[in-house]
Amino acid sequence: GANIAVNPQSYIWPASLLKVPVAMAAMRKVEKGEWSLDTELLLHEEDRDGESGNVEHLVANAPTGSTFTVEELIKLSLEKSDNTAYRMLLREVGFGAMRDLHEAIGLEELISREGKISAKEYSRVLRSLYTASYLKRSSSQLILRCLDNSIFNDYISFPIDPTVPFPHKYGKNIDERVYSDSGIVYLEHRPYLISVMVQGDIMADPEAEEKRATQFMRT
């Protein structure tokens, strides 16, 4: 239960970190019987968003009217950080379900009025998956497995032994010079949760700022 926090009241743009609570809200609908993992959702033209790091945007490249299962969209949004998959889920989940999730796990202060989040508050999201306090154990494990399969391994995960499970979600907003990573390091007999959010200099070169943030998180 011990914790260490540096600048716990600092709020920055969340970028892709919000894909985890959206996936949780989707799994909640599955648990309630409103959806199944095989439920198919329709791709709308306004869902398209190819901005999500250097990954192959499987959903964004699909024709309008294509369908994807809930399970496919959860995996793509968490493993490849596919923005279009995330937007499809968010549209169908609805903001009411997101509000219910925030209230259920004490995340009323997760997002500020400016739309920013803190590492301290966001850590509650990962903790609720670890303890299966919001979703059933099987649903929590499905999301954690997807996070462990993330293709992005440049930030916190870089120095972690690849044999150690590390379900995590990274976030990056180049325009805002924001670089984040949050996950659970499953060390044997001593698992711990770590969240790091770096706000770079908005006036500095974006490549230089990401390099600086990456080095900071690797050490």
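Guide: Let us begin with one side chain: tyrosine 186 counts as partly exposed, at 27% relative accessibility, where buried means under 20% relative accessible area, exposed over 50%, and partly exposed in between (1.4 Å probe, protein chains only). Tyrosine 130, at 36% relative accessibility, is likewise partly exposed. This is a predicted model, in which local features need pLDDT of at least 70 and side-chain atom pairs count only at pLDDT 80 or more, while totals for chains, interfaces and linings use all residues. Residues are numbered from 1 along each chain as its sequence is written, and side-chain values use heavy atoms, leaving out hydrogens and water.

Visitor: How many aromatic pairs are there?

Guide: A pair of aromatic rings is described by the distance of the centres and the angle of the planes. Rings of Phe, Tyr and Trp (its six-membered ring) pair if their centres lie within 6.5 Å, and planes under 30 degrees apart count as stacked, over 60 as edge-to-face and the rest as tilted. By this rule the count is four aromatic pairs. Tyrosine 130 and tyrosine 186 form a tilted one, 5.9 Å centre to centre with 45 degrees between the planes. This pair links distant parts of the chain, 56 residues apart, since tyrosine 130 lies in helix 5 (residues 119–131) and tyrosine 186 in the loop between strand 4 (178–185) and strand 5 (192–199); helices (H or I, at least four residues) and strands (E, at least two) are DSSP runs, numbered from the N terminus.

Visitor: Are tyrosine 155 and tyrosine 170 buried or exposed?

Guide: Both tyrosine 155 and tyrosine 170 are buried. Ring pairs also join Phe152, Tyr155 and Tyr170 into a cluster.

Visitor: Which residue forms a salt bridge with arginine 87?

Guide: Side chains of opposite charge can pair when their charged atoms come close. A salt bridge is a side-chain nitrogen of Lys or Arg within 4 Å of a carboxyl oxygen of Asp or Glu, and the structure holds ten of them. Arginine 87 forms one with aspartate 49, the closest N and O atoms being 3.5 Å apart. Arginine 87 lies in helix 3 (residues 83–93) and aspartate 49 in the loop between strand 1 (40–42) and strand 2 (67–69), so the pair ties together parts that are 38 residues apart in sequence.

Visitor: Which residues are linked in a network of salt bridges?

Guide: Such a network links Lys29, Lys32 and Glu34. Within it, lysine 32 and glutamate 34 have their closest N and O atoms 3.4 Å apart; lysine 32 is exposed, with a relative accessible area of 56%, whereas glutamate 34 is partly exposed, at 45%.
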